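Thanks for coming, everyone. Please look at the model on the screen while I talk.

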Amino acid sequence: METTLHKVRRAILAGTSYELDEPVFTPKLDVSHEVLLYVEGLNVSFDGFQALNDLNLYINDGELRCLIGANGAGKTTLMDCITGKTMPDSGDIYFGQTLDLVGRSEAEIARLGIGRKFQKPTVFEAHTVFYNLELALKSDKAVWPALRLQLSGEQRDRIEEVLSIIGLTANANMLAGSLSHGQKQWLEIGMLLVASPRLLLVDEPVAGMTAQETERTAELLTSLAGDHTVVVVEHDMEFVRSIARTVTVLHQGSVLAEGSMDAVQNNADVRKVYLGEEAA
Ligand SMILES: Nc1ncnc2c1ncn2[C@@H]1O[C@H](COP(=O)(O)OP(=O)(O)O)[C@@H](O)[C@H]1O
Ligand SMILES: [Mg+2]
């Protein structure tokens, strides 16, 4: 059988055009490493201002990665590029080994299994916790194609499972509007989880949370890693220390340092440009 790669190679050799009906394997990727998200040489400029500057980032499958960096470092712009909201000027973004994300729509990227949680919770306050999850699940046609009025047993099971993961089983029949701020954030994470995303991008999950909620969120995100790959943007250093195995520091649109929290905090460049600001 002729693979897509064969087809492309034949067309290139013959100098003819070709159309892809499936993504083509990119030999740029090292398949011996289990990289799920591959960002290389990413550049984005806004009216001449370089928001991302030749940025490289590699996230392994199942990893929990924290992204830190001062305001304006490019964290949100990076998330915007990964999720198809912003088109980079140049550079590669691959999801897994075969899926080139650049040029795809936000909806398409979401369907491929990338969920994004924005900072502000956007749950439906006038509906119950359960119904919020039901709505999220029904709107996800990639995983649950038949939009039926009645939930299937399988769908109900998935909602129950997610309720348990986010710790809101006992709150299932409460109105979402009556939840605490922290619980609303967990519900919103749950609304992404019903679709079983492979990659979860989470922007400042613990902003405004109590100490106890922050601790619970650390447990939740840690428990999601493995089954999912989780990238967290966060300013709360204690929180980052409590969850991160690897921390990536962005500065002026590039990666300034990467490693364990200790390694990063002791990095001279980081101390100068980022942590120095806190000390000042
Ligand atoms: N749509 C835009 N138009 C112009 N400048 C932008 C836009 N989005 C972001 N920027 C600029 O790009 C830089 C990086 O922003 P951002 O990615 O939001 O940083 P962070 O999330 O790390 O705080 C900032 O200087 C910001 O002002
Ligand atoms: Mg931001």
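First, the ground rules. This is a predicted model, where local features need pLDDT of at least 70, side-chain atom pairs count only at pLDDT 80 or more, and totals for chains, interfaces and linings use all residues. Residues are numbered from 1 along each chain as its sequence is written, and chains are lettered from A and ligands numbered from 1 in the order in which they are written.

Now the overview. The chain has 10 helices and 10 strands. Those are DSSP runs, numbered from the N terminus: H or I with at least four residues for helices, E with at least two for strands. Of the 280 residues, 36% are buried. Buried means 20 or more other C-beta atoms within 10 Å of the residue's own; exposed means 12 or fewer; partly exposed is in between; and C-beta atoms are placed from the backbone. Next, contacts. Two residues are in contact if their C-beta atoms, placed from the backbone, lie within 7 Å. Take the contacts with a separation of 6 or more: 64% of them join residues 24 or more positions apart.

On to helix α5, residues 153–165.

Which residues of α5 are buried? They are R158, I159, V162 and L163. These four cover an arc of only 140° around the axis, which puts them on the same side of α5. The arc is that of the directions from the helix axis to the C-beta atoms. The face away from the buried side carries exposed residues: G153, E154, D157 and S164. After α5 comes G167, with a positive phi near 70°.

What do the buried residues of α5 pack against? The partners are α4 (129–138) and α6 (181–193).

Take α4 on its own. Its buried residues are V129, F130, N132, L133, A136 and L137. They cover an arc of only 160° around the axis, which puts them on the same side of α4. Among the elements that cover them are α5 and α6.

Now α4 against α5. The two pack at an angle of about 125°, with axes 10 Å apart. Axes are lines fitted to C-alpha atoms, for helices over the stretch in contact, and angles run from 0 to 180 degrees between N-to-C directions. So α4 and α5 are oblique to each other. The classes are these: under 35 degrees is roughly parallel, over 145 roughly antiparallel, 65 to 115 roughly perpendicular, and the rest oblique. The crossing of α4 past α5 is right-handed. A crossing is right-handed if the near helix is turned clockwise from the far one by less than a right angle, and left-handed if anticlockwise. From α4, the contact uses F130, L133, E134 and L137; from α5, it uses Q155, R158, I159, V162 and L163.

Next pair: α6 and α7. Their axes come within 10 Å and cross at roughly 15°. That makes α6 roughly parallel to α7. Here too, α6 passes α7 in a right-handed crossing. On the α6 side are G182, W186 and I189, which meet E213, R216, T217 and L220 in α7.

Stay in α6 for a moment. Q185 sits in this helix. Is Q185 buried or exposed? Q185 counts as buried, because 28 C-beta neighbours lie inside 10 Å. Leave aside neighbours within four places in sequence, and Q185 is in contact with P121 and P205. Then there is Q119. Q185 and Q119 are 66 residues apart in sequence, and their C-alpha atoms are 8.7 Å apart in space.

Now V264, in helix α9, residues 261–265. V264 has 24 C-beta neighbours inside 10 Å, so it counts as buried. Not counting residues up to four places away in sequence, V264 touches V247, V249, A257, G259 and V270. V264 and T246 are 18 residues apart in sequence and 9.1 Å apart in space, C-alpha to C-alpha.

Last topic: backbone angles. Most residues other than glycine have a negative phi. Two residues here deserve a look. D54 is not glycine, yet its phi is positive, near 50°. D54 lies in strand β2, residues 49–60. D54 is partly exposed, because 14 other C-beta atoms lie within 10 Å. E204 is also not glycine, and its phi is positive, near 45°. Where does E204 lie? E204 is in the loop between β7 (199–203) and α7 (211–224). With 20 other C-beta atoms within 10 Å, E204 is buried.

That is my tour. Over to you.
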